[in-house]
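Trainee: Could you walk me through this structure and the words used for it?

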Amino acid sequence: MPDLGSMTRFTTFAAAGALTLVSFILIFTWSGWFVLPFALFAALTGMGIYDVTQIKHSILRNYPVLGHMRFFFEGIRPEIRQYLIESDQDEEPFSRDSRSLVYQRAKGEEDSRPFGTRMRVYDAGYSWITHSVAPVHIHDFDFRTTIGGPQCTKPYSASLYNISAMSFGSLSANAIQALNTGAKLGGFAHDTGEGSVSRYHKAGGGDLIYQLASGYFGSRAADGSFDPDKFRETASLEQIKMIELKLSQGAKPGHGGMLPASKISPEIAEARGVPMGKDCVSPAAHSAFSTPIEMMEFIGRLRELSGGKPVGFKLCIGHRREFMCMVKAMLETGITPDFIVVDGTEGGTGAAPVEFSNHVGMPMIEGLTFVHNTLRGAGLRDKIKIGAAGKVVSAFDIARALALGADWCNSARGYMFAIGCIQAQACHTNHCPVGVATQDKTRMRALDVGHKSERVARFHRNTMEALGEMTGAAGLHHPSDFLPHHMMLRQGDKSMVEAKDVYGYLPEGYLLDDDAEDFNGNKNRWSRARAETFAPVEQI
């Protein structure tokens with residue numbers, strides 16, 4: 001008996017062949033217009049012949065022509081899910097509610113919503129701010145914090161909400177210029193990312209945080225090491241207000257990177273200080289230091305070379321003991337950073353291995369709480385400001401981070417949404433549909449710098465106003481007044497706790513007091529930390 005399954009699998013291919021033959025005959029017997037269907041069906045027949053002879057895709061060998069439908073729908077699956085299937089609260093990675101809020105505030109449209117919350121307020125994980133029966137009316141929404149410790153001679157008055165690190169090269173020229181111009185209009189800062197200061201950062205005229213990563217771009221010697229003279233030249237730019245030493249980032253902590261020679265344009269080479277025609281490597285670790293003490297000495301050197309500007313570092317928390325090694329080095333050398341930016345594993349605009357994105361690094365809230373309490377335990381919290389980054393796009397996100405120990409917040413993807421990002425998640429393909437994350441000049445042309453920069457400034461302004469309204473509703477006068485007891489968390493379907501019971505502030509100096517109580521095993525980690533090495537004491 002014939003194999004009906006095989007006949008069914010090849011039906012589409014056979015039909016294409018038959019219609020090709022029929023169309024060819026009709027060209028001569030009926031009308032020359034049949035050349036059009038003939039061309040179509042001949043192409044499908046040729047595709048089918050290729051499918052049954054190729055060896056790479058089993059599904060095409062078994063389902064010639066028809067099998068291509070599987071790859072077509074797989075290609076548009078993210079769009080189908082985003083536009084037709086997912087709910088407004090599904091976070092993959094940002095919910096439609098979150099994206100819509102940014103779009104509305106960036107456009108200056110109404111962001112109020114009728115008919116109550118759509119959040120499941122009785123489910124575990126829900127959190128809220130406690131409000132006062134005596135709210136405060138706040139007039140000035142230009143909330144700021146001064147960054148610069150005792151060793152800094154040029155402190156910086158920073159907004160509480162700034163643009164997080166995104167390099168030119170990862171983002172397009174138009175995107176960088178729009179972000180920085182918006183920062184200039186709104187009076188807030190823009191982190192350069194590790195790709196250094198490009199001509200498009202300079203064109204915007206906004207305040208810059210110069211990020212120095214393991215590739216030392218903008219301060220790089222020919223062999224890839226740190227060049228102090230080049231750093232001094234870059235850091236002396238008036239636009240640069242702070243220096244950020246990057247140890248790790250939330251997207252791929254502990255992972256280096258490489259920009260292949262094929263992707264290095266003359267503009268990228270100019271900004272990074274690297275040659276054309278050679279792969280550009282960013283090692284996983286810094287070469288300028290290898291121990292906690294050397295790291296603090298390097299920070300002190302950067303502060304001196306920059307002329308006294310605030311110098312700090314950014315990291316995603318991994319081994320908690322290693323951060324304590326850094327804190328011990330601060331105490332031993334007397335050199336303290338002016339700030340620390342805590343990035344969460346949920347952060348990251350750059351493409352990263354899936355395992356790193358999903359399973360390496362500490363989430364922002366736990367990392368922020370740990371850093372804040374470690375500095376308190378070592379008696380250094382009043383000398384060092386803390387920034388927080390990791391899916392911070394709303395006033396509530398900022399208020400929560402401030403309550404748990406941050407002094408200010410950074411956002412990357414929030415500001416990407418403000419300039420038109422639609423979360424297509426094609427950042428690493430060079431095919432960004434809106435011209436944000438691409439180096440394709442025809443694609444980036446769609447992003448108008450003037451229009452999008454206004455959206456950036458408007459998003460910042462409206463978010464700060466919303467933060468001010470939440471602050472006033474809580475009976476406070478400034479967002480920095482938020483403390484853990486202003487936050488409530490639902491741990492289960494029936495239980496709720498104050499955030500201070502979960503993420504509370506630990507006593508000042510308790511790590512230095514042998515008689516003080518231990519909290520969460522921190523004193524045990526502290527005892528195993530050494531300023532001379534990042535290695536655990538057992539391995540010395």
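What follows is a short talk about helix contacts and a surface patch.

Mentor: This is a predicted model, where local features need pLDDT of at least 70, side-chain atom pairs count only at pLDDT 80 or more, and totals for chains, interfaces and linings use all residues. Residues are numbered from 1 along each chain as its sequence is written, and side-chain values use heavy atoms, with hydrogens and water left out.

Trainee: What makes I59, Y63, L66, M69, F72 and F73 a nonpolar patch?

Mentor: Patch residues have over 30% relative accessible area and no salt bridge, and nonpolar side chains (Val, Leu, Ile, Met, Phe, Trp, Tyr) are joined within 5 Å. A salt bridge would be a side-chain nitrogen of Lys or Arg within 4 Å of a carboxyl oxygen of Asp or Glu. These six form such a patch, so they count together, with about 540 Å² of accessible area (Shrake-Rupley method, 1.4 Å probe, only the protein chains shown as cover). Helix α5 (residues 68–75) gives the most, three residues, while L66 is found in the loop between α4 (58–62) and α5.

Trainee: At what angle do α2 and α3 pack?

Mentor: About 150 degrees, with the axes of α2 (residues 11–29) and α3 (residues 35–53) 8 Å apart. Axes are lines fitted to C-alpha atoms over the stretch in contact, and angles run from 0 to 180 degrees between N-to-C directions.

Trainee: Which residues of α2 and α3 meet?

Mentor: Among them are F13 and F24 in α2, and F38 and F41 in α3; contact means heavy atoms within 4.5 Å. The residues of this contact divide into 13 nonpolar, five polar and no charged.

Methods:
Patch = residues over 30% accessible without salt bridge, like charges linked within 9 Å, V, L, I, M, F, W, Y side chains within 5 Å. Helix = DSSP H or I, 4+ residues; strand = E, 2+ residues; numbered from the N terminus. Nonpolar A, V, L, I, M, F, W, Y, C, P; charged D, E, K, R; others polar.
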